[in-house]
Amino acid sequence: MESGVIPRGAEAVESDRSWLAARGRPAEGGLVDPFGRRVTYLRVSVTDRCDFRCVYCMAEDMTFLPKAEVLTLEELDRICGAFVKRGVRKLRITGGEPLVRRDVMRLFHRLGRFLDSDLLDELTLTTNGSQLEKYAADLFAAGVRRINVSLDTLDPEKFRAITRRGDLSRVLAGIRAARAAGHEIKINTVALRGVNDGEFDAIVRWCGDEGLDLTLIETMPMGEIDEDRTDRYLPLSRVRADLEKRWTLEETDYRTGGPSRYARLRETGRRLGFITPLSHNFCESCNRVRLTCTGTLYMCLGQQDAADLRAPLRLAPHDDAPLHASIDEAIGRKPKGHDFVIDRRHEGPAVPRHMSVTGG
Ligand code: SAM
Ligand code: SF4
């Protein structure tokens, strides 16, 4: 057996149980930051690569990491396992485009063992949908039940322009396949002034017809791209006020553990979420940290401070104690909040890394 990797199945569940018995319930050794917030949600970017080049996310000629710097699937599994054993209840696999990583299904199946042993509540995925048709059924078999698919327009030409190379029909086929396999789908749409701001009614209606929830997202100033984000920034407070002229948005207290605030659309019965990092600060209730594919842990999406987990991982291939010590140290300096600002007085992105590094 490879170091630190437990095969899925009865043996793995038993191994997790004995780990708990020896160490106590995760709540006892849980991760609590200096502001008393419990860290229960880990987002894992399994690759920085992508088959799209969305204009707000990446430059056309992105330089990707050399493969040697990227953690193996076994190493990613080992870090996820360490977090799960410290009380993380939700894992989201993201990227770059997670489904373009070779053999990524092996990781999903391995992580699924934590669902079997009740150490994890949810294993989820954020994807651009381009490969979803191929993987939908296998993802369900691994234990995934909810998938976020990013889709900013329903117009095929505009879709190709935004993603610089994507094929809308493949994404729609992926969504259909995922629904048929039993997944709940949420669409993520980045609100872009002058690009898709005339389409929100159509997207809301389409989500209603297809039985999909929808989250609208404000652009965040992360990483150099080829255009000025201030030109595209659209405050969601304005989008919401406009939608409310035609749709009935009923308040809900529904939360998914993420930063979205949800309303229910009376006309469609579906949820509509708003992620507004710039116009509304969602940091007080932050329960998340983010791991990159090189083993760097970001304690806040909007700050540069990070911890290297690859060194302790590789230093002690058969002992997780140094890894746990590094995780404790990192959570001990999780900042109170981000300071994203997007306006013309601030030149360049607030955070130099791209969203594809930490996966949003
Ligand atoms: N490739 C996958 C996808 O597109 O869903 C997963 C990674 S992508 C970085 C995760 C989410 O971040 C997507 O919904 C994308 O639209 C969003 N995103 C990327 N760059 C962003 C930015 N600068 N501001 C706001 N959202 C961004
Ligand atoms: Fe790729 Fe997702 Fe970024 Fe688009 S948003 S370029 S699909 S990582």
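An N or O atom in the side chain of Ser150 is 2.5 Å from an oxygen atom of ligand 1. The protein covers 95% of the 540 Å² of accessible area that ligand 1 has on its own. The model is a predicted one, and every distance and area in this report is computed from it.

The shell around ligand 1 has 19 residues, of which Tyr56, Gly96, Thr127, Ser150 and Met220 come nearest. By class, this shell divides into six nonpolar, 10 polar and three charged residues. Strands β3 (122-127) and β5 (184-190) each supply at least two residues of the shell.

| Residue | Protein atom | Ligand 1 atom | Distance |
|---|---|---|---|
| Ser150 | side-chain N or O | oxygen | 2.5 Å |
| Tyr56 | polar side-chain atom | oxygen | 2.9 Å |
| Gly96 | backbone N or O | nitrogen | 3.0 Å |

Gly96 also belongs to the surroundings of ligand 2, together with Cys50, Phe52, Arg53, Cys54, Cys57, Met58 and Asn128. The shell around ligand 2 has five nonpolar residues, two polar residues and one charged residue.

Strand β1 covers residues 41-45, and five of its five residues are buried. In a regular strand the side chains alternate between the two faces of the sheet.

β1 pairs with strand β2 (residues 90-94) in the parallel sense, over five bridges. Within this pairing, Arg43 has Arg92 of β2 as its bridge partner. β1 also pairs with strand β10 (residues 288-291), again in the parallel sense, over four bridges. Here the bridge partner of Leu42 is Val289 in β10.

Together with helix α2 (residues 73-85), β1 and β2 make a right-handed β-α-β unit. Leu76 has its place in helix α2. Leu76 counts as buried because its relative accessibility is 0%, against a cut-off of under 20%. Between Leu76 and Val44 the C-alpha to C-alpha distance is 8.3 Å, while the two residues are 32 apart in sequence.

Arg86 lies in the loop between α2 and β2. With a relative accessibility of 5%, Arg86 also counts as buried. The side chain of Arg86 makes a polar contact of 2.8 Å with the side chain of Asp328.

### Positive phi in two loops

Most residues other than glycine have a negative phi. Asp103 is not a glycine, and its phi is positive, near 65°. Asp103 lies in the loop between β2 and α3 (104-116). The relative accessible area of Asp103 is 43%, so Asp103 is partly exposed.

Arg164 likewise has a positive phi, of about 65°, although it is not a glycine. The place of Arg164 is the loop between α5 (156-163) and α6 (168-181). Arg164 is partly exposed because its relative accessible area is 22%, and the range for buried residues is under 20%.

Terms used: Residues are numbered from 1 along each chain as its sequence is written. Chains are lettered from A and ligands numbered from 1 in the order in which they are written. This is a predicted model: local features need pLDDT of at least 70, side-chain atom pairs count only at pLDDT 80 or more; totals for chains, interfaces and linings use all residues. Side-chain values use heavy atoms; hydrogens and water are left out. Buried means under 20% relative accessible area, exposed over 50%, partly exposed in between (1.4 Å probe, protein chains only). Two strands pair if DSSP finds at least two bridges between them. A crossover is right-handed if, with the strands pointing away from the viewer, the path from the first strand over the helix to the second runs clockwise. A residue is near a molecule or strand if one of its heavy atoms lies within 4 Å of it. A polar contact is a pair of N or O atoms within 3.5 Å; within protein, one must be able to donate a hydrogen and the other to accept it, and residues adjacent in sequence count only if both atoms are side-chain atoms. Accessible areas come from the Shrake-Rupley method with a 1.4 Å probe; for residues, only the protein chains shown count as cover. Ala, Val, Leu, Ile, Met, Phe, Trp, Tyr, Cys and Pro count as nonpolar, Asp, Glu, Lys and Arg as charged, and the others, Gly among them, as polar.
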